[in-house]
Amino acid sequence: MRPACPELHVITSGRHERDHVLRMAEAANKGGMTYLHIREKHRTAQEIAEWVEALAGIIPRVQIIVNDRVDVAAAYGCGGSHLAYHSLSPEAARRILRSNQLIGRSVHSLEEACLAAEQGADYLLYGHIFASGSKPGLAPRGTEELRTIVSRVDIPVIGLGGIRPELVPQVMGAGCKGIAVLSGITDAEDYYKAARAYREALDHWEENTG
Ligand SMILES: Cc1ncc(COP(=O)(O)OP(=O)(O)O)c(N)n1
Ligand SMILES: Cc1ncsc1CCOP(=O)(O)O
Ligand SMILES: [Mg+2]
């Protein structure tokens with residue numbers, strides 16, 4: 001059986017205005033994005049809801065994942081909600097979201113991963129794997145613990161942090177179902193080309209394993 005298409009999650013930067021993100025989302029989607037995470041920690045629920053409505057005119061609503069604001073994801077019928085360390089637990093989020101809406105959880109250790117899986121998360125984001133401008137001065141976690149997590153939980157794990165197209169084989173080789181990217185796409189001059197490069201790397205990672 002052919003394995004499912006590897007996932008490319010694109011995360012908004014928190015530094016760009018809505019119209020800029022709309023352009024980025026449209027181009028990244030053409031390039032092969034699977035999900036767009038609205039991670040705009042400083043914005044209100046009302047602003048995030050406006051972003052969802054505007055984005056839903058450009059990409060399918062099921063591809064929109066709202067970081068932290070489970071209420072917005074539920075009220076606006078998004079693909080799901082991504083929970084950070086400080087968010088509701090997956091169990092609590094499930095009381096609000098429909099069964100077809102995804103619940104993701106950021107994890108940074110085997111212990112957090114096992115707990116999130118027990119609590120009903122649908123997928124995990126593990127990171128940061130490589131040095132990332134999003135986590136300045138914090139040592140990257142690498143792929144060793146990631147491999148252990150993949151072998152111990154029965155939900156998909158998505159790798160995150162410092163991932164460039166040439167690093168994709170290392171992340172997929174550790175057993176991930178896909179990758180999540182922030183700066184590699186949101187800081188690119190050409191969003192389509194950048195997303196395309198990640199999509200190619202994901203679709204052909206086995207051929208590029210050293
Ligand atoms: C051990 C540990 N705890 C929490 C964080 C940061 O929280 P996280 O859920 O990853 O949210 P983001 O800031 O990454 O959106 C961490 N990095 N490490
Ligand atoms: C939310 C988050 N947590 C760790 S890295 C990251 C964002 C990924 O950043 P980048 O792809 O720019 O390294
Ligand atoms: Mg994190």
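Reader: Which exposed residues sit on the face of helix 6 turned away from its buried side?

Author: Those are E144, S151 and R152. Helices (H or I, at least four residues) and strands (E, at least two) are DSSP runs, numbered from the N terminus. Keep in mind that this is a predicted model: local features need pLDDT of at least 70, side-chain atom pairs count only at pLDDT 80 or more, and totals for chains, interfaces and linings use all residues. Residues are numbered from 1 along each chain as its sequence is written, while chains are lettered from A and ligands numbered from 1 in the order in which they are written.

Reader: And which ones are buried in helix 6?

Author: L146, I149 and V150, within residues 144-152. They lie on the same side of helix 6, because they cover an arc of only 100° around the axis; the arc is that of the directions from the helix axis to the C-beta atoms.

Reader: What do they pack against?

Author: Helix 5 (110-118), strand 6 (123-126) and strand 7 (157-160). Contact here is C-beta atoms, placed from the backbone, within 7 Å.

Reader: Switching topic: where does D68 lie?

Author: D68 is in the loop between strand 3 (64-67) and helix 3 (70-75). An unreviewed UniProt entry annotates D68 as "binding site"; positions are in the numbering used here, feature names are shortened, and annotations may be inferred rather than shown by experiment.

Reader: Is D68 buried or exposed?

Author: Buried, because 22 other C-beta atoms lie within 10 Å. Not counting residues up to four places away in sequence, D68 touches L83, A84 and S87.

Reader: OK, the core. Which residues touch the most other members of the largest nonpolar one?

Author: L124, I179 and Y198, out of 60 residues. Such a core is a set of buried Ala, Val, Leu, Ile, Met, Phe, Trp, Tyr and Cys residues joined through C-beta atoms within 7 Å. Helix 9 gives the most to this core, with 7 residues.

Reader: What does Y198 touch?

Author: Leaving out residues up to four places away in sequence, L8, P165, V168, I179, V181 and G184. Y198 is one of the buried residues in helix 9, and the buried residues there pack against elements including strand 1 (7-11) and helix 1 (18-31).

Definitions and conventions. Buried ≥ 20, exposed ≤ 12 C-beta atoms within 10 Å, placed from the backbone. Contact = placed C-beta atoms within 7 Å.
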